[in-house]
Amino acid sequence: MTHTAAYEQEVRAAAALLAPATGPAPSGTVAPIGRRRFLTATGAAAALAFTTNLPGAGAAYAVEVDARKIAENPFTLGVASGDPQPGSVVLWTRLAPRPYEPDGGGMPNARVTVRWEVAYDEHFKRLAGRGRAEAHPEFNHAVHIEPTGLAPDRVYYYRFRAGNWISPVGRTRTAPARSARISALKLAAVSCQAYHDGYFTAYRHLAQEDLDVVFHLGDYLYEYPVGATGGARNYTDRTLPGLFNRETVTLEDYRLRYALYKSDPDLQAAHAAHPFIVTWDDHEVENNYASDISEDDLPPAEFLVRRAAAYRAYWENQPLRRPQRPKGADARLHRRVHYGQLAQFDILDTRQYRSDQAYGDGWHAPGPESEDPGRTLTGAAQERWLIDGWRQSTARWNVLPQQVTFSERRNATGPDYKVSMDAWDGYAASRGRVLAGAESAGVENLVVLTGDVHVHYAFDIKRDFADPSSRTAGVEFVTTSIASGKDGADKPANWATYLAANPHLKFYNGRRGYVTVTLDGDTARGDYRTVSAVTTPGAPVKTAASFVSEAGNPGLKPA
């Protein structure tokens with residue numbers, strides 16, 4: 001079956017599952033469906049068909065196979081943990097003996113029993129919990145375990161068993177109790193890991209950091225084709241299958257692309273070392289999509305089928321809890337995590353509910369369209385959820401992990417500047433409401449964590465960006481990419497212009513890397529970590545700059 005035929009079949013199946021039952025269609029009466037011509041009365045709901053192919057759905061329930069019959073190592077994609085709570089953390093793995101193989105990664109179309117263990121020590125001499133779970137073919141043999149009864153703010157080790165095979169050991173950590181008064185917390189922020197742009201060297205260094213948790217702020221994978229030599233990785237010791245050398249569109253495409261990314265040893269090392277809290281941006285589906293609006297102007301009904309496939313593959317391949325599991329083309333990814341009385345994290349989704357980009361996207365001078373008060377980046381419900389959560393917060397620091405640049409970012413000095421229509425600058429009223437909400441809720445220590453732009457930025461968030469002397473409402477730590485953009489440069493070509501045009505911008509660096517943020521009762525400290533190259537493996541890491549903001553007196557100062 002060709003790639004286009006597979007896509008058309010997926011679209012047809014989605015529509016057929018929701019169409020009224022009128023008996024079988026006569027043989028040979030179904031006309032071909034063009035990728036850009038699919039639109040029917042049931043099309044808007046067609047993506048809901050992805051909720052029908054779930055484990056335990058009546059007669060379609062898969063048979064079980066003895067795990068001892070698995071002849072090859074099924075743990076080729078490693079292990080991961082995430083979304084820590086005081087007494088629980090999600091444990092993840094996926095069985096895939098031949099991960100680059102379509103139709104299940106070398107697994108049979110059957111259920112497999114997987115055993116899991118959580119221990120106090122890395123040698124598993126003292127167990128804190130154990131159990132069994134089923135890996136279902138409907139979820140591509142992914143396993144999400146949510147053990148309970150764990151102690152808060154404690155390191156644990158975990159592993160899985162399938163038949164005679166044992167997974168690598170993962171290390172994780174639970175969150176502190178909600179009422180705990182912890183002295184400090186250290187996190188990392190990462191984003192944008194285009195496999196074809198280079199090695200995930202930064203993750204190898206991240207795995208060695210002493211961290212409580214890692215926030216992934218989006219673009220975990222890219223939909224773009226990856227050639228036989230891995231793009232900028234320029235492999236000479238392997239040849240990637242041709243099935244990666246196309247854009248991801250179908251559920252199978254997205255599943256295989258996750259297999260490619262998760263086979264990377266540096267990414268596996270980071271996941272095995274720390275719990276991740278993840279959120280998506282655009283490339284997990286398609287570049288710069290907005291709600292049900294495709295970059296390629298597909299009919300919304302057709303695009304929602306693609307979005308449903310992408311969302312499902314995302315959940316299958318991330319350490320996410322059951323409430324985050326998609327329902328068709330919808331998934332609630334925004335959620336709240338507490339780390340004692342020190343920090344409240346409100347994780348946003350700025351893709352699924354946003355208004356379309358103003359002026360056709362790109363960079364544009366602010367105008368009536370981008371400043372329309374009815375425009376939203378978060379959607380009204382998520383905006384209310386965020387501000388209501390701030391009103392109830394008792395945390396010292398209120399941290400907002402999200403995707404696109406929050407602070408104003410002008411591309412030129414003088415009056416003829418432009419701003420990004422994809423970032424918060426293209427949704428000025430939405431940003432204004434969020435800042436007003438933080439102010440009305442009494443949020444004194446606002447920290448925004450951002451990805452997306454493939455550079456490091458350090459911003460003071462001004463209450464009025466047009467007035468540099470206006471009150472500083474918080475600070476924004478923008479992390480560069482893990483690999484996207486290839487090697488980059490310490491001072492990109494627009495470095496001097498951006499610093500001159502944006503007096504609230506305190507630091508700008510264009511290398512690859514990540515940011516660590518340390519919170520304590522007095523300060524928030526950001527350390528900007530960079531690697532010198534990603535197009536060749538093994539580059540060292542260094543701290544390019546460090547900044548602190550004082551509790552009760554927001555504003556970044558060199559550390």
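So, where is the place of Thr279? Thr279 sits in the loop between β11 and α5 (300-316), and helices (H or I, at least four residues) and strands (E, at least two) are DSSP runs here, numbered from the N terminus. Before I go on, the ground rules: this is a predicted model, local features need pLDDT of at least 70, side-chain atom pairs count only at pLDDT 80 or more, and totals for chains, interfaces and linings use all residues. Residues are numbered from 1 along each chain as its sequence is written, and side-chain values use heavy atoms, with hydrogens and water left out.

Back to Thr279: its relative accessibility is 1%, so it counts as buried. Buried means under 20% relative accessible area, exposed over 50%, and partly exposed in between (1.4 Å probe, protein chains only). Leaving out residues up to four places away in sequence, Thr279 touches His216, Leu217, Gly218, Glu284, Tyr314, Leu333, Ile347, Leu348, Asp349 and Gln403; a contact is heavy atoms within 4.5 Å.

Now the whole chain. We've got 559 residues, and 59% of them are buried. There are 8 helices and 24 strands. Of the contacts with a separation of 6 or more, 71% are between residues 24 or more positions apart.

How confident is the predictor? The mean pLDDT is 92, and 89% of the residues reach 70 or more; pLDDT is the predictor's confidence in each residue, from 0 to 100. Over residues 13-48, though, the pLDDT is below 50, and that stretch has 51 contacts in the model beyond near neighbours in sequence. Where pLDDT is low, the predicted coordinates should not be read in detail.

Next, helix α4, residues 265-273. Here 7 of the 9 residues are buried, so α4 is largely enclosed by the rest of the structure. The buried ones are Asp266, Leu267, Ala269, Ala270, His271, Ala272 and Ala273. They pack against β1 (79-85), β6 (155-162), β8 (170-173), α2 (201-206), α3 and β11 (276-278).

How many cavities of 30 Å³ or more does the structure hold? There are 4, where a cavity is a set of points, on a 1 Å grid over the protein atoms alone, where a 1.4 Å probe fits but cannot get out.

Asp153 isn't a glycine, yet has a positive phi of about 50 degrees, and is in the loop between β5 (142-145) and β6. His454, not a glycine either, has a positive phi of about 65 degrees, and lies in the loop between β17 (446-450) and β18 (456-462). Most residues other than glycine have a negative phi.

Last stop: Thr523, in strand β22 (residues 523-531). At 23% relative accessibility, Thr523 counts as partly exposed. Thr523 and Ala184 are 339 residues apart in sequence, but 9.7 Å apart in space, C-alpha to C-alpha. Okay, that's my tour.

Terms used
On a 1 Å grid over the protein atoms alone, a cavity is a set of points where a 1.4 Å probe fits but cannot get out, and a pocket is an open set with protein on both sides within 12 Å along at least five of seven lines; lining residues have an atom within 4 Å of a point. Grid points are joined across faces, edges and corners, and a volume is the space filled by probe spheres set on the points.
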